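Visitor: Before we look, could you take me through the structure slowly, and tell me on what grounds each term is used?

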2 protein chains.
Amino acid sequence: MEQKAEIIAIGDEVLSAHTLNTNSHWISGELRKIGVKVVTHYTIADEEESIVRTLNNIQSDTKYIFITGGLGPTRDDITKKVVTKYFKGKLVFHQNILNELKQYFKDRGREFPDTIDGQAYYPDNAEILSNQKGSAKGMCFTKNAQEYYIMPGVPFEMKNIMECQILPKLRKHTKIGYQEFTISTTGISEAELIGKIEFIFAKYPSVVLSYYPSIEGVKIRIGQKIIKGNDDLLQSKKELLSVLGNLIYSTKSEDITEIIAKILLANQLTISVAESCTGGLISHRITQNAGSSKYFKEGIVVYSNQAKEKYLNVKHSTLEKYGAVSKEVVIEMAKGMRKISKTDISLAITGIAGPDGGTKTKPVGLVWIGISTKKKTYAKKINFNKDRILNKQYSSQRALDLLRLELLRDEQN
Amino acid sequence: MEQKAEIIAIGDEVLSAHTLNTNSHWISGELRKIGVKVVTHYTIADEEESIVRTLNNIQSDTKYIFITGGLGPTRDDITKKVVTKYFKGKLVFHQNILNELKQYFKDRGREFPDTIDGQAYYPDNAEILSNQKGSAKGMCFTKNAQEYYIMPGVPFEMKNIMECQILPKLRKHTKIGYQEFTISTTGISEAELIGKIEFIFAKYPSVVLSYYPSIEGVKIRIGQKIIKGNDDLLQSKKELLSVLGNLIYSTKSEDITEIIAKILLANQLTISVAESCTGGLISHRITQNAGSSKYFKEGIVVYSNQAKEKYLNVKHSTLEKYGAVSKEVVIEMAKGMRKISKTDISLAITGIAGPDGGTKTKPVGLVWIGISTKKKTYAKKINFNKDRILNKQYSSQRALDLLRLELLRDEQN
């Protein structure tokens, strides 16, 4: 039978809209992967009365209850005290935890604050769950076969406890009754996708199809309850992949930079990036991946015209004649970057991020992307027409996609 | 008296983590502005039983209840049916609404779908709230002086109904009775802050103090109900600013790069950045601000040792003797960057982002930050010890903070 979960986020900062609650969303996604069904999210105040009322409202057939927030050292952090009392336990002092905390602060060259004493007290009736990313540990209470997991609200601390302590344990006791695939596309709109692929799913009514558009492109999710002998899901996936081809960059929810990394590594190729309007974002995204130093050698943020001339040898006359946002300049940028970096491929980008700097013929959002390889150098013009922050993000994704497509073509030759 | 609100989001797509619920967050922010206190967020399934159970759990002293989601034309959209039954009403057909819907589709050149018939039925015991952005209208039920507002889940439709119909009405019945300030600090932990400032607030018990730690630092929020003749909030703010001094980078929720921009512009200074471990993130953050080309001239992502030598003139012997992550190298990087860029100030950073590349003496998370000005060049060592993505983020914030402090010192001289 499918097991149920409820999630409680504790924190005035969420209710007052000072913090967006992403914890419940993340936990729900992880639980879905292991076949646990989330039936309620609660967000409540840091108040004993609210916490107790919500715990009393938990349904009796809910197996797992996740509670985040309110475990810090300040006086409004009351979760530990309240849940310990609720489960009729007692807070006891742990000398080893205090020593550990002292070491934690010492390692960081920071003073040991008095207020942190409370962080060494834990309930005597809960299992303590270690937290490798912070000073507040997690806890697990069990009552009437229901498991209550209490974690800090800081997202990366909560994730550490979930990933290292809770999810491995839950995986042993749950099983997946639903199968799904996520297909990541880019460079095509949701409306265009519908026109291209909905005919496939008309043939497979048991397959559920959803679209998730974002700055990175549109993710398509197809899913089906597992039915023995029914391979509609796999069949529709096969047809989908064949129809969309290279519009798909990942079938495993990877970032486009991970796909690029794989191709570069497999072919022992190196890259460099010359950025104007994206201001370093493309290099930043490439270097998010562990091991990127193997293929990414250097990047230059040539924000001023002088920088374009000095580093990339863009000709002063080209800048004067065509302007910094032009096909001619981006071609010289890409060539210059490849030459100075001695890498196999270079990516260059120049555009008008906005809000200022646009003209009638060169509006805000106009972007030129250039690619230079040993064999050729070419450029593509795109107009995003969004605000500054979005223009940077959309342009970085489109530039990385052009790089991916170039690498795929190169692999085929 | 402060009025209370509860918010219910209905939708399996939120519970299954296919959609992040931003509606409850947005509604809470709007309510805070008019002095209404949100005490609970619920997210529940598109099921009659869950909806009824949650409505039964609404607290009797809650004045406003906001319900979003489940008003569309598809078969899992059951909200209207369920709430109408809950409030003992009856769905009645409105010819004028059907005509309006037909016009809506015609205006958009779209066919009128059969399934939309149900969209012309509304409860006979609710006020109907018009929706200028979609085909599902809002509703308002009143019971025991409690007001229940039902809206579609599509964010821009919900916002339209809130902004045009509900908030103007609520504003007449509520008044802002709360004042607050947000103070952004960085380079100090929550625990250390507590040690430094809680003594102030012991003197002003009516002032509510909260801490919001994130990668960028800890935001402190102080707030108070407006009480005539009581200036405790302003008084405690004054003391807080004086105790924390330069640990505060903003009192207006600005990003640290906006603060840096202001100082650079005011003093007509230019900067350049040489990044290794942060891979372009610092340049990216600086160029998020409109007009950054006035002070940010260039950045180089010197990911390889060769790039450090080639662009920044870091000596081969320095790299050999001390390694790329060392005080000596970051000093040469900062000096080299300032020389080649001809900017007033340069920021340089080198570190081990991880997960690989760490050693016992130079662990993952070790970062050297260098600053070079016309008068001096110096470096600071920090150990973050997080994962790769977090190390990049924490180091970028710390580096930007060192830059800010240098600029402030420079201004004073």
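Guide: Let us begin with a term: two strands pair if DSSP finds at least two bridges between them, and strands (E, at least two residues) and helices (H or I, at least four) are DSSP runs, numbered from the N terminus. This is a predicted model, in which local features need pLDDT of at least 70, side-chain atom pairs count only at pLDDT 80 or more, and totals for chains, interfaces and linings use all residues. Residues are numbered from 1 along each chain as its sequence is written, while chains are lettered from A and ligands numbered from 1 in the order in which they are written.

Visitor: What makes β14(A) and strand β14 of chain B a pair?

Guide: The requirement is at least two bridges, and these strands have five, running in the antiparallel sense, so they count as paired. Within this pairing, A:Glu298 has B:Val302 as its bridge partner in β14(B).

Visitor: How many residues of chain A are in contact with chain B, and how do you know that they are in contact?

Guide: Contact is assigned when the C-beta atoms of two residues, placed from the backbone, lie within 7 Å, and 63 residues of chain A are in contact with 58 residues of chain B. The elements that give two or more residues to this side of chain A include α2 (23-33), β14 (296-302) and α14 (388-412).

Visitor: How do the residues of that side of chain A divide into nonpolar, polar and charged?

Guide: There are 24 nonpolar, 26 polar and 13 charged residues, where Ala, Val, Leu, Ile, Met, Phe, Trp, Tyr, Cys and Pro count as nonpolar, Asp, Glu, Lys and Arg as charged, and the others, Gly among them, as polar.

Visitor: Why is A:Asn313 called partly exposed?

Guide: A residue is buried if 20 or more other C-beta atoms lie within 10 Å of its own, exposed if 12 or fewer, and partly exposed in between; A:Asn313 has 14 such atoms, and is therefore partly exposed. A:Asn313 lies in the loop between α11 (305-312) and α12 (316-322) of chain A, and has a positive phi of about 65° although it is not a glycine.

Visitor: What makes B:Ser253 partly exposed?

Guide: B:Ser253 has 13 other C-beta atoms within 10 Å, so it is partly exposed. B:Ser253 has a positive phi of about 55°, and its place is in the loop between β12 (248-250) and α9 (256-266) of chain B.
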